[in-house]
Amino acid sequence: MSGMAPSDRLTPVAEAVDQTVYYNAESETYHMWCDESEYEPVTTALPLAVSSIHGVDPAALEPLADSIDPDALNALVVDWCETTRQCAVDERTGSVSFCFSQCEITIYDDGEIVIYPDRATLVS
């Protein structure tokens with residue numbers, strides 16, 4: 001995945017697994033990017049990011065497996081990484097959304113993870 005650089009609308013607020021978490025004050029969302037060169041899988045990075053947003057220890061969060069199958073999520077992100085590397089994909093064609101620890105999480109196929117804090121249910 002591209003791990004696209006954040007625009008000037010985002011402010012770095014925290015580090016999670018050596019990745020910066022950014023805040024967008026306009027949309028009140030947090031952003032981070034997956035990168036195929038990162039050692040940690042998305043299912044490790046995501047709980048660390050959410051715990052830093054909530055200001056709690058990662059062990060205080062509900063298990064990610066209560067929200068989504070971690071193996072399936074990792075496989076999906078790895079597949080997106082492979083597809084993006086093999087094809088010059090310049091636009092988003094897929095995403096997955098789910099709720100985790102009072103946040104709505106959306107992971108896009110270009111590697112961007114958007115975290116909507118304090119949204120326990122998905123909005124249709």
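**Aromatic pairs.** I looked first for ring pairs among Phe, Tyr and Trp (the six-membered ring for Trp), with centres within 6.5 Å and planes classed as stacked under 30 degrees apart, edge-to-face over 60 and tilted for the rest, and the count came to two aromatic pairs. Tyr23 counts as partly exposed at 23% relative accessibility, whereas Tyr30 counts as buried at 15%.

**Basis of the values.** I kept in mind that this is a predicted model, in which local features need pLDDT of at least 70 and side-chain atom pairs count only at pLDDT 80 or more, while totals for chains, interfaces and linings use all residues. Residues are numbered from 1 along each chain as its sequence is written, and side-chain values use heavy atoms, with hydrogens and water left out.

I then turned to E6, in which six of six residues are buried. In a regular strand the side chains alternate between the two faces of the sheet. On E6, Glu112, Val114 and Tyr116 point one way, and Ile113, Ile115 and Pro117 the other. Strands pair if DSSP finds at least two bridges between them; E3 and E6 run antiparallel and are joined by four bridges, with Trp33 having Glu112 as its bridge partner in E6. E5 and E6 are also antiparallel, over five bridges, and Glu104 has Tyr116 as its bridge partner in E6.

**The turn between E5 and E6.** What separates the two strands of this hairpin? I found three residues between E5 and E6, and Gly111 in the turn has a positive phi of about 100 degrees. Asp110 sits in the loop between strand E5 (103-108) and strand E6 (112-117), and it is buried at a relative accessible area of 12%. A polar atom of the Asp110 side chain lies 3.1 Å from the backbone nitrogen of Glu112. Asp109 is in the loop between E5 and E6 as well, buried with a relative accessible area of 6%, and a polar atom of its side chain lies 2.9 Å from the backbone nitrogen of Gly94. I also noted that the C-alpha atoms of Asp109 and Cys34 are separated by 9.5 Å, although the residues are 75 apart along the chain.

**Cysteines.** Last, I searched for disulfides, taken as pairs of cysteine sulfur atoms within 2.5 Å, and the count came to zero. Cys99 is in no disulfide, its nearest cysteine sulfur being that of Cys103 at 8.9 Å. Cys103 is likewise in no disulfide, with the sulfur of Cys99 its nearest. Cys99 is partly exposed, with a relative accessible area of 24%, while Cys103 is buried at 0%.

Technical notes
Buried < 20%, exposed > 50% of the residue type's maximum accessible area, 1.4 Å probe, protein only. Polar contact = N/O pair within 3.5 Å; in protein donor to acceptor, adjacent residues only side chain to side chain.
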